[in-house]
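Student: I would like to learn how to read a protein model step by step. Could we take one and go through its features together?

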Amino acid sequence: MKKDSGNSDFLYIGRKIGEWYRNNARDLPFRQTKDPYKIWICEIVFQQTRINQGLNHYNNFIERFPDVKTLAEAEENEVLLYWKGLGYYSRAINIHKAAQQIMNDYQGVFPSRYEEILKLKGVGKYTAAAVSSICFNGKMPAVDGNFYRVLSRLFADDFDISSSKAFSYFSELAQLVMPENVGDFNQAMMDIGSEICKPKNPLCGECPLNEDCLAFATQKISDYPVKTKKVKAEDLALTYYFVHRNGQFLIRQRGDDFIWKKLFEFPAAIPAGMQPFIVGSKTITHKLTHKNLSIEIFNVEVTSEKFWNDFITENQYLITDVEASHKKSFPKPLENYIQNSLKD
């Protein structure tokens, strides 16, 4: 099988994928709708989250923000709160801004053209293709890691998926097999890639493409996809001071730069006069996509009302307690620390 053999040679593969999808598509709530708002939200939610882990979050989010207008008019902190547990909080900030963009630039009507969807804040080529194909019969393949993996193995193609040209290359490759119903094709490729043609221990015996797959025929599944460029994780040290008094503690909201955008955190420094109130410390390790975090948290139990009030006034910190903190979004390691910090 050669990639350049001509489009008609491979259309039967797309039809086979479509038939498999009609008989095996997962029964998911967002599969029962063509509402572009709901499809958009589901695509953003499941970018970095497996479906079985994120489904409840998706349902809760849609229940609270059922349409673009409701989301656009919500407070950003509430949007972050309903995103709690999904991580990558910049996604929540972006969808909130994009909802406002739709209200302002498109009179509240979700854009239907791929090029217009791509203009929305936080929307990339994959998401724009998915929404336009599923909801508006657009003809763009929604190329992501699943496409890279399935197509690399199908064609035994050693094109480096870490290359800057990978998206364009695999988009062309996808179009060789893409049938008329591109929406179903894109969703089928997601299902095949995530449930069958998995990165490790793929279920080749269950794959609808095993008779056509060159990597399977040559027993070289593990050789594909090819990825030569690996991003080395950066080591990053953070210091926090958990400043508390009589069951209350101090927090502030992060800016929208660097990691943990707009989430709440503890003070990052205290004046020298508060050093005697430090009663212990704890170091927590935490991994982000490209960062290995070492977080040292000092436990500062303030007994002086004057120090407490002066520190708050000078730094404009917010006062909260464990129960009230549940209504705010914290980075996971800080959230865990809070739950264990003021126990009797």
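This is a predicted model: local features need pLDDT of at least 70, side-chain atom pairs count only at pLDDT 80 or more; totals for chains, interfaces and linings use all residues.

Student: Among contacts between residues at least 6 apart in sequence, what percentage join residues at least 24 apart?

Tutor: The share in this chain is 66%.

Student: How many positive and negative side chains does the chain have, and how far apart are the centres of the two sets?

Tutor: There are 43 positive and 42 negative side chains, and the two centres lie 3 Å apart.

Student: Which residues does the annotation "domain: HhH-GPD" cover?

Tutor: According to the UniProt record, which is an unreviewed entry, this annotation covers residues 45-195.

Student: Next, what describes a pair of aromatic rings?

Tutor: A ring pair is described by two values, the distance between the centres and the angle between the planes. The count for this structure comes to 24 aromatic pairs. In one of them, Phe-242 and Phe-266, the ring centres are 5.0 Å apart and the planes stand at 70°, so this pair is edge-to-face, given that angles over 60 degrees are put in that class. The pair links distant parts of the chain, since Phe-242 belongs to strand 1 (residues 234-245) and Phe-266 to the loop between strand 3 (264-265) and strand 4 (278-288), 24 residues apart.

Student: Are Phe-242 and Phe-266 buried or exposed?

Tutor: A residue counts as buried when its relative accessible area is under 20%. Phe-242 has 0% relative accessibility and therefore counts as buried, and Phe-266, also with a relative accessible area of 0%, is buried. Phe-266 has another ring partner, Phe-249, and here the centres are 6.3 Å apart with the planes at 90°, so this pair is edge-to-face. Because Phe-249 lies in strand 2 (residues 248-253) and Phe-266 in the loop between strand 3 and strand 4, the pair ties together parts that are 17 residues apart in sequence. Phe-249 counts as buried at 0% relative accessibility.

Student: Which residues do ring pairs link into a cluster?

Tutor: The cluster consists of Tyr-240, Phe-242, Phe-249, Phe-266 and Tyr-337.

Student: Where is Ile-44 found, and which residues does Ile-44 touch?

Tutor: Ile-44 is found in helix 2 (residues 36-45) and, at 3% relative accessibility, counts as buried. Leaving aside residues up to four places away in sequence, Ile-44 touches Trp-83, Arg-91, Ile-95, Gly-122 and Thr-127.

Student: Where does His-96 lie, and which residues does His-96 touch?

Tutor: His-96 lies in helix 6 (residues 90-105) and counts as buried at 5% relative accessibility. With residues up to four places away in sequence again set aside, its contacts are Leu-71, Ala-72, Ala-74, Glu-75, Glu-76 and Val-79.

Student: How far apart are Ser-171 and Asp-144 in sequence and in space?

Tutor: They are 27 residues apart in sequence and 9.5 Å apart in space, taken from C-alpha to C-alpha. Ser-171 has its place in helix 10 (residues 166-177), counts as buried at 10% relative accessibility, and touches Pro-141 and Val-143 when residues up to four places away in sequence are not counted.

Student: Finally, let us look at the backbone. Which residues does a cis peptide bond join?

Tutor: A cis peptide bond joins Tyr-224 and Pro-225, with omega about -5°, and Pro-225 is found in the loop between helix 12 (214-217) and strand 1.

Student: What is phi of Asn-137, and what is phi of Trp-260?

Tutor: Asn-137 has phi near 60°, a positive value in a residue other than glycine, and Trp-260, likewise not a glycine, has a positive phi near 55°.

Terms used: Residues are numbered from 1 along each chain as its sequence is written. Side-chain values use heavy atoms; hydrogens and water are left out. Contact means heavy atoms within 4.5 Å. Lys and Arg count as positive and Asp and Glu as negative; His and the chain ends are not counted. The place of a charge is taken as NZ of Lys, CZ of Arg, CG of Asp or CD of Glu. UniProt positions are given in the numbering used here, feature names are shortened, and annotations may be inferred rather than shown by experiment. Rings of Phe, Tyr and Trp (its six-membered ring) pair if their centres lie within 6.5 Å; planes under 30 degrees apart count as stacked, over 60 as edge-to-face and the rest as tilted. Helices (H or I, at least four residues) and strands (E, at least two) are DSSP runs, numbered from the N terminus. Buried means under 20% relative accessible area, exposed over 50%, partly exposed in between (1.4 Å probe, protein chains only).
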